[in-house]
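Visitor: I have a structure to look at, and I am new to this. Could you take me through it, feature by feature?

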Amino acid sequence: MTTRQITLPVTGMTCASCVSHVEGALNNLAGVEKAAVNLGAAKATVEYDPARASPAQMFAAVADIGYEVGTAQATLSVSGMSCASCVAHVEGALNGLDGVTKAVVSLALNTARVEYVPTLVTVAQMKRAIGDAGYEAAEPAAGVSAMDREREARQKEIRRQGMYLLFATPIALAVMIGTFYEYLAPAFRQFIPALLAEKWLLGVLTTPIVFGPGRQFFVNSFRGLRHGVTDMNLLYATGIGAAYFIAVINTLWPDAGFGGKGATFFESAALLTWFIVLGRYLEALTRGRTSDAIRKLMSLQPKTARVMRNGNEIEIPADEVLVEDLIRVRPGERIPVDGLLKDGYSAVDESMLTGESLPVEKKAGDTVIGGTMNKTGAFSFVATKVGADTALAQIIRLVEDAQASKAPIQKLADWVAGHFILGVHLLAILVFAFWFFFGYQMFFDPDTSFILSPAKLSEIGVFGFSLLLSVTVLIISCPCAVGLATPSAIMAGTGKVAEHGVLFKNAEAIENAAKLQTIVFDKTGTISKGEASVTDVVVGGEAHDSKSVLRLAAIAEKNSEHPLGEAIVRGAKERGLEVPDAEAFDSIPGHGVEARVDGREVLLGNRKLMAARGVDLAGLLAKAEELERDGKTVMFVAVDNAPAGFIAVADTLKDYSVEAIRTLHALGIETAMITGDNRRTAEAIARQVGIDRVFAEVLPQDKAAEVKKLQAAGRRVAMVGDGVNDAPALAQADVGMAIGSGTDVAKETGHVILIKDDLRDVVVAIEVAKATMRKVKENLFWAFIYNTLGIPLGAGLFYPLFRVIISPELAAALMAISSLTVTFNTLFLRRFVPSLRRGARGTGGPEAPRAPVLVSSAAK
């Protein structure tokens, strides 16, 4: 028996008991000879039999008892990929390595993101595995983003395919003219030498195309086959190679039994290569445009900063700015990093980060964001976040992660495309066999011609005809469009939504957001501002006026930390009342407070407190209940056990809450609100906003359970909260949306990050998600309908009816058109504007802010 020893980093261990648990879990695995755990080094050394145990089983065993195997992440640039089949091969090569826990390959970005155990596998081994699969991998240079790498790779591909196209175009044109020489009008033939129609010359002209621009397909398919990999290049190589070599044989040895002189399709090999190269060139030109929004964000990163060092102002590269550096910014300049404004005053345009079109006023103590534009004044600020920690860098990284992830619908498409190539080759063999042994004798007509071609195929033999249809099937069934359908739309969607200050963490969140049926809003901090204020002071009897009632209540609450008490104190001060300390103070949990003020006993609290102290509220209850029906919270005041009046406190609705809820209803989405308020208060708020369902008196820790109940009823649920105490509910929901998170997006819980404190961004997220998934489905429809119609057409299924067939070169043209259709359809998403962003914003137009609506305050 051969044993192997590996070392696993284990995280989460804190004591000797943890060590014994991990050792026990590993030693209990079949095939593990010995496991020893070192707490100080946080590592487990395991000896095992590779035939009976695997590192993956060890990872699972450690995770099952509540610990984790420490992993690292690496991003590799991968070149040579051209379709979803390539993606499957690269992922398979990486996931096959011991120590790789997860590998996700993005065709759109030409990257592989790998999560791995550093003690088991190295980046060099990953690169070697990718190379063995027939592709090339490289580590990106430090500081180079995925977008930079993708752009550089795309430019390189554009240049390469452009050179091939320039080389192949005139030769392919000459081959086509020579092939159809006898069908040309006499006026044209006088300018073209008859020699061009000779088969041997057509072969000479075709050869540099096949082995020049076409060489890439033969080389790539050979590399793949060497490692048991079949991809799109094999389809191309088989089609081009078969057309060319059969034409050579039939030109040099016409009696060899391969169709004779009637089956010399040099033009098929030449034009087939030309169309494929043209398709790759156009695809490279258009594919990168789906991520233009993020490129705009990247272009915002300033190159230099003017920093005060040793009393002097010097200009340095922005990436050399240090935390606590003092930086000066003039009007019209971009702010280089994040920081706090120290001196000066200005208005800053933050539109590219937050989607807010109006400049934001900044004064001393305010936060400024790197990449935003200073509009008017000059100011100095202290750097607080630099480099990869800035808001702009975080946003770019988050969007790149989302673009590199895969939606569930894409996994199915990738699986289909990954298994497609082998199936197509088997189909091509079956097509050849049918037409060679049966079809030619049963259906062949000497007047047969190609679609869109005057040439007749009367001289073609059974072998040539069968081969022609077989090659056409290989070419027309390329899965390019299937592989591009989802990632191109996801890239465009994540970029589009980022323009409005909304960030999806992964592609699955986009897919789930498009299917939402119910959205649950936390009240305080989400629907309401969470800032209570005094709205009404009602006096009971003639002994007091409104000012004295408010003053007494404020003094009683001065030492209270309850939000309602703070609102009363603030309300008194705003009305110019003095609020000294009480002579005595006592908090009565769940009821209110009592205090001694100016020698009098003051009670402030709810009905229960007043009833317990024998205070008669009969003259106040009718008015109090009326205000409570409006969603206000009432605090009764009694002086020396006699009713003095009550104070109504309310929270204010956030701007646009009503508009956002109304738009969600128009989208057919049910809305719900979850709050710790009593039911009467909660339902009053719901009526004002237009909420459908109310979950009242819910403790913070029980919010996730309410979301779970909705899911159990078959609803797809989103939870919208401020992320403070909503984390469990955000995680439980199908889509968790953290609203008002500001620009520190990396720390946020939730699947969707809404940078601004604007409820309309929930609508933006859902509308863009729906538009994105609509494009995905359209793309998949066009991709699959192309193959559904194209393969039977190429295989000659309709030949017995119409006596025409598709030539290999026309098949290549249709294949290129299918990929371009998907790409151009995706580009239409760049023109999409969410419904609530189509009007003027903040300019007094249809979206100008309304006056605040008062609602009740509540503990969350």
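Guide: Let us start with one pair of side chains. Those of lysine 362 and glutamate 350 are joined by a polar contact of 3.0 Å. Bear in mind that this is a predicted model.

Visitor: Where is lysine 362 placed?

Guide: Look in strand S14, which covers residues 360-362.

Visitor: Is lysine 362 buried or exposed?

Guide: Look at the relative accessible area. Under 20% means buried. Lysine 362 has 9%, so this residue is buried.

Visitor: Which backbone oxygen lies 2.7 Å from a polar atom of the lysine 362 side chain?

Guide: That of threonine 367.

Visitor: Which residues does lysine 362 touch?

Guide: Leave out residues up to four places away in sequence. Then lysine 362 touches Leu341, Gly344, Tyr345, Ser346, Val348, Glu350, Thr367 and Val368.

Visitor: I would like another side-chain pair. With which side chain does glutamate 767 make a polar contact?

Guide: With the side chain of serine 835, at 2.6 Å. Glutamate 767 lies in helix H27, residues 760-794. Its relative accessibility is 10%, so glutamate 767 counts as buried. Beyond four places in sequence, glutamate 767 touches Thr663, Leu667, Phe832, Pro834, Ser835 and Leu836.

Visitor: Now the whole chain. How many helices and strands does the secondary structure come to?

Guide: There are 29 helices and 33 strands. The chain has 860 residues, and 54% of them are buried.

Visitor: What share of the contacts with a separation of 6 or more comes from residues 24 or more positions apart?

Guide: The share is 69%.

Visitor: How do I read a pair of helices?

Guide: Ask for the axis distance, then the crossing angle. Take H7, residues 199-211, and H9, residues 232-252. Their axes come within 11 Å and cross at roughly 150°. An angle over 145 counts as roughly antiparallel. That makes H7 roughly antiparallel to H9.

Visitor: Which residues make the contact of H7 and H9?

Guide: From H7 come Lys199, Trp200, Gly203, Thr206, Thr207, Val210 and Phe211. From H9 come Ile240, Tyr244, Phe245 and Thr251. Sorted by class, the contact has six nonpolar, four polar and one charged residues.

Visitor: What about H9 and H16: how do their axes come together?

Guide: Helix H16 covers residues 462-476. The axes of H9 and H16 come within 8 Å and cross at roughly 155°. So H9 is roughly antiparallel to H16. H9 passes H16 in a left-handed crossing.

Visitor: Which residues make the contact between H9 and H16?

Guide: H9 gives Leu235, Tyr236, Thr238, Gly239, Ala242 and Ile246. H16 gives Phe463, Leu467, Val471, Leu474 and Ile475. The classes here are nine nonpolar, two polar and no charged residues.

Visitor: Where does glycine 241 lie?

Guide: In helix H9. Glycine 241 is buried, at 9% relative accessible area. Setting aside residues up to four places away, glycine 241 touches Phe218, Tyr236 and Ile246. The C-alpha atoms of glycine 241 and phenylalanine 218 are separated by 8.4 Å, and these residues are 23 apart along the chain.

Visitor: Can we do a loop residue? Where does aspartate 49 lie?

Guide: In the loop between strand S3 (43-48) and helix H2 (55-64). Aspartate 49 is buried, with 8% relative accessible area. Now compare sequence with space. Aspartate 49 and glutamine 5 are 44 residues apart along the chain, and their C-alpha atoms are separated by 9.0 Å.

Visitor: What should I look for in backbone angles?

Guide: Most residues other than glycine have a negative phi. Asparagine 310 is not a glycine, and yet its phi is positive, about 55°. Its place is the loop between strand S9 (304-309) and strand S10 (312-317). At 80% relative accessibility, asparagine 310 counts as exposed.

Visitor: What is phi near in arginine 803?

Guide: Near 60°, again a positive value in a residue other than glycine. Arginine 803 lies in the loop between helix H28 (799-802) and strand S32 (804-805). Its relative accessible area is 27%, so arginine 803 is partly exposed.

Notes. Residues are numbered from 1 along each chain as its sequence is written. This is a predicted model: local features need pLDDT of at least 70, side-chain atom pairs count only at pLDDT 80 or more; totals for chains, interfaces and linings use all residues. Side-chain values use heavy atoms; hydrogens and water are left out. Axes are lines fitted to C-alpha atoms, for helices over the stretch in contact, and angles run from 0 to 180 degrees between N-to-C directions. Helices (H or I, at least four residues) and strands (E, at least two) are DSSP runs, numbered from the N terminus. Angles under 35 degrees count as roughly parallel, over 145 as roughly antiparallel, 65 to 115 as roughly perpendicular and the rest as oblique. Contact means heavy atoms within 4.5 Å. Ala, Val, Leu, Ile, Met, Phe, Trp, Tyr, Cys and Pro count as nonpolar, Asp, Glu, Lys and Arg as charged, and the others, Gly among them, as polar. Buried means under 20% relative accessible area, exposed over 50%, partly exposed in between (1.4 Å probe, protein chains only). A polar contact is a pair of N or O atoms within 3.5 Å; within protein, one must be able to donate a hydrogen and the other to accept it, and residues adjacent in sequence count only if both atoms are side-chain atoms. A crossing is left-handed if the near helix is turned anticlockwise from the far one by less than a right angle, and right-handed if clockwise.
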